[in-house]
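Me: I'd like to go through the classifications in this model one by one. Could you set each value against its cut-off for me?

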Amino acid sequence: LKEECRNPEFVLDDGSYLLWEEPDPERIYVAGVDIAEGVGENASVIQIFDFTDLTNITQVAVYSNNKITPYNFTTKLEEILKNWGDPLVAIERNNCGAQVVDNLYNNSGYGNLIHFSPNPNKSTGYANRLGVVAHTNTKYKGVMNMRYWVNEMKAVKFRDIKTINELRDFVRYPNGTWAAKKIAGCLDDRVMSLIWCLIILENTIT
């Protein structure tokens, strides 16, 4: 995977926003988003992939910022999504993600939101929630789906070395959950946003 990585063509927002290609209105893009509190620890991340050819799903942009507040991130997310032609976007709504998803939908009228929740056909209260509900079930499906497209189909081309480094330290714990190794410096924000980006190809959504 590292062999496909290379330096970005464009570096914006003081290094937070990396682009390997410019948006092309003829291409199909999908975005995956993981949201943090903006207190200098975990980062809010947007992954943009080109899905035009499903044998060659290519990473074209990454936005990552661990200082931006959820309120300001909503504006930044909307700006970036518009830049890429208002693509389908899967946003994790857990914790502070809920306000971003709801504001994007209710205040900005953004309609291309992917909905994914555990047992959506049961009356769990999840069915009507916008975005992606990260839960043991949805995360497991997301990881298995990612492994299928990355490991088995070998269809995903990465450009960002930091995404690869996070994948290396993304592990399954004895209780069945997946997360970054619990050692200093290990994060999984890029991996989780990658998982949600690819979730559009998960059977129950497709």
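Me: What makes Tyr17, Tyr63 and Phe73 a cluster?
Reply: Ring pairs link Tyr17, Tyr63 and Phe73. Rings of Phe, Tyr and Trp (its six-membered ring) pair if their centres lie within 6.5 Å; planes under 30 degrees apart count as stacked, over 60 as edge-to-face and the rest as tilted. A word on the basis: this is a predicted model, where local features need pLDDT of at least 70 and side-chain atom pairs pLDDT 80 or more, while totals for chains, interfaces and linings use all residues. Side-chain values use heavy atoms, without hydrogens and water, and residues are numbered from 1 along each chain as its sequence is written.

Me: Why is the pair of Phe170 and Trp178 called stacked?
Reply: Their ring centres are 6.1 Å apart and their planes at 20 degrees, so the pair is stacked.

Me: What makes Tyr29 and Trp84 an edge-to-face pair?
Reply: The planes of Tyr29 and Trp84 stand at 75 degrees, with 4.7 Å centre to centre.

Me: How do you know whether Tyr29 is buried or exposed?
Reply: Buried means under 20% relative accessible area, exposed over 50%, partly exposed in between (1.4 Å probe, protein chains only). Tyr29 has 6% relative accessibility, so Tyr29 counts as buried. Trp84 has 3%, so Trp84 is buried.

Me: What puts the charged end of Lys182 over the ring of Tyr173?
Reply: The charged end of Lys182 lies 4.0 Å from the ring centre of Tyr173. A charge sits over a ring if NZ of Lys or CZ of Arg is within 6 Å of the ring centre and within 35 degrees of the ring normal. Lys182 is accordingly listed as sitting over the ring of Tyr173.
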